[in-house]
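Please look at the sequence and the model first, then read the points below.

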Amino acid sequence: MTSDVWIPFDPADVPGLPDSFAYRVWDGGPDFPADPADCVFYVVPYMKPSETSVRPLAAMTGVQVVQTLTAGIDHVQPGVGLLPPGVRLCNARGVHEASTAELTVALVLASLRGIPGFVRGQERQEWRSGFYPALADKSVLIVGYGSIGAAVEDRLAPFECARVARVARSSRATERGAVHALAELPALLPEADVVIVSTPLTEQTKGLVDGEFLARLKDGALLVNVARGPVVDTKALLAELESGRIHAALDVTDPEPLPAGHPLWHAPNVLISPHVGGSSSAFLPRAKRLLVAQLTRFAAQEPLDNVVLTTDQ
C-alpha cells in the first residue's frame, strides 16, 4: 500500500519527487484531501495561521515527519503534543536565508538613508536634500546568529561597517569572529548603531526586546526586527518611538497583521513591511529543492536534515 504525503504544491510542479508516495495536495483549505490517518509525511502549508497548520495533526496517527516551510516552528508548536511518539519535526533551514537577509539589509539602508521620507516627498513634489546617515562606519549588532543572522552578515560585508557583533543563545567561535552568549547582550547594546533581531520565537526570546533592552540603546539607534513580532514588546517600542529617541524597521509586528488604526502605523521614525522577509521569488525554488531532498531521504530511510525535535518516544 502506498503511503500518503501531504504537500501544499501540485506535485507535477516539483520535479524529482520520489514516486514511492501518493501525494495529496492540501494548502490549508476547509476540506482534507484524504484521511489524515494515512499521512506519513506532512508538509505544513506556508504562511497560514497556527490553527490551520495544526488542524490535521490530531488525526495524523501514522505521521512520521512534519516538515515546515518556515525557519521558525512556533506556528506548529501548539500541536506537537497531539502527535504520536517518534515524529520528527523539521524546519526549512536553507530556504529563507537569502531572501530574509536581503530584506534586512534593504530595511537598514532604507531607514538610514531616509527612503520613506523621499517617497513622501516625491508624492508632495518636495525636494528633501540634506545629509543622511550611511551604513558605512556604523556598528551593527545581530541578535540571533543562526543561519539567517549569518546570511545577514554576509550581505553587510561590502558596506564597510565599523563592527559587526553577534549574539546567540550560547557563545561560540566562527570564521567571522566570536559569537557572544545572550547573557552578554546588555553590555553590547549601548555600543550598537543598528540592532538586527533575527532570533526564533521561544519562551526565552518572547519579549526579549523590552523596555530595559530598548533603554540601553544609544540615542538615534535603529532597531530592525525580522524575527517574530512577539520578540519585541510593542508597548515599550512605541514609547521609545514616540519620544523620538530611536528608529525602527519592522518586517514583523505584534499583533500581526497590524490592524488599521494601530498606533504603530503612525509612530514617528518607523518603517513597516508586511512580513515579507521569506515570501519572495526566492522561496519556491528553494522550498521545492528542500522537499525533494527530504522526501528522497525519507523514502531511502536515511537521516533527514533540519530535525528540530522528535516527539517523546
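Over the ring of which residue does the charged end of Arg166 sit? The ring is that of Tyr145, and the charged end of Arg166 lies 6.0 Å from its centre. The model is a predicted one.

**The open sheet**

- Six strands make up an open sheet, ordered E2-E1-E3-E4-E5-E14, and their pairing is mixed.
- E2 and strand E14 (307-310) are the edge strands; each has a single partner strand, so one side of each has no neighbour in the sheet.
- From one strand to the next, the twist averages 20°.
- Helix H8 (residues 283-299) packs on the sheet and touches E1, E2, E3, strand E4 (65-67) and strand E5 (88-90).
- The direction of H8 makes about 160° with that of E3.

**Strand E1 and its partners**

- Strand E1 (residues 3-7) is largely enclosed by the rest of the structure, because four of its five residues are buried.
- E1 runs parallel to strand E2 (residues 21-25), and five bridges join the two.
- E1 also runs parallel to strand E3 (residues 39-43), to which three bridges join it.
- Asp4 has a bridge partner in each of these strands: Ala22 in E2 and Cys39 in E3.
- Val5 stands opposite Tyr23 in E2.
- In a regular strand, side chains alternate between the two faces of the sheet.

**Aromatic rings**

- The count of aromatic pairs comes to ten.
- One of them is Trp26 with Phe32, an edge-to-face pair with 5.4 Å from centre to centre and 75° between the planes.
- Trp26 is buried, because its relative accessible area of 3% is under 20%.
- Phe32 counts as partly exposed, at 29% relative accessibility.
- Trp26 also pairs with Tyr42: the ring centres are 6.3 Å apart and the planes are at 40°, so this pair is tilted.
- Tyr42 is buried, with a relative accessible area of 0%.
- Ring pairs join Trp6, Trp26, Phe32 and Tyr42 into a cluster.

**The largest nonpolar core**

- The largest nonpolar core holds 31 residues, and those with the most contacts inside it are Leu141, Leu185, Val195, Phe213, Leu214 and Leu237.
- Among the elements that give two or more residues to this core are the strands E6 (139-143), E7 (163-168), E10 (194-197) and E12 (247-250).
- The helices H5 (185-188), H6 (211-215) and H7 (234-243) are also among the elements that give two or more residues.
- H7 gives the largest share of this core, four residues.
- Beyond its neighbours within four places in sequence, Phe213 is in contact with Leu185, Leu189, Val195, Leu208 and Leu223.
- In soluble globular proteins, nonpolar side chains tend to be buried together.

**An exposed helix residue**

- Glu102 lies in helix H2 (residues 97-113).
- Glu102 is exposed, because its relative accessible area of 56% is over 50%.
- Between Glu102 and Pro259 there are 157 residues in sequence and 26 Å in space, C-alpha to C-alpha.

Technical notes
Residues numbered from 1 in each chain as written. Predicted model: local features only at pLDDT ≥ 70, side-chain atom pairs only at ≥ 80, totals over all residues. Heavy atoms only, no water. Buried < 20%, exposed > 50% of the residue type's maximum accessible area, 1.4 Å probe, protein only. Pairing = 2+ DSSP bridges. Core = buried A, V, L, I, M, F, W, Y, C linked by side-chain atoms within 4.5 Å. Contact = heavy atoms within 4.5 Å. Phe/Tyr/Trp six-rings, centres within 6.5 Å; stacked < 30°, edge-to-face > 60°. Lys NZ or Arg CZ within 6 Å of the ring centre and 35° of its normal. Axes fitted to C-alpha atoms, helices over the stretch in contact; angles between N-to-C directions.
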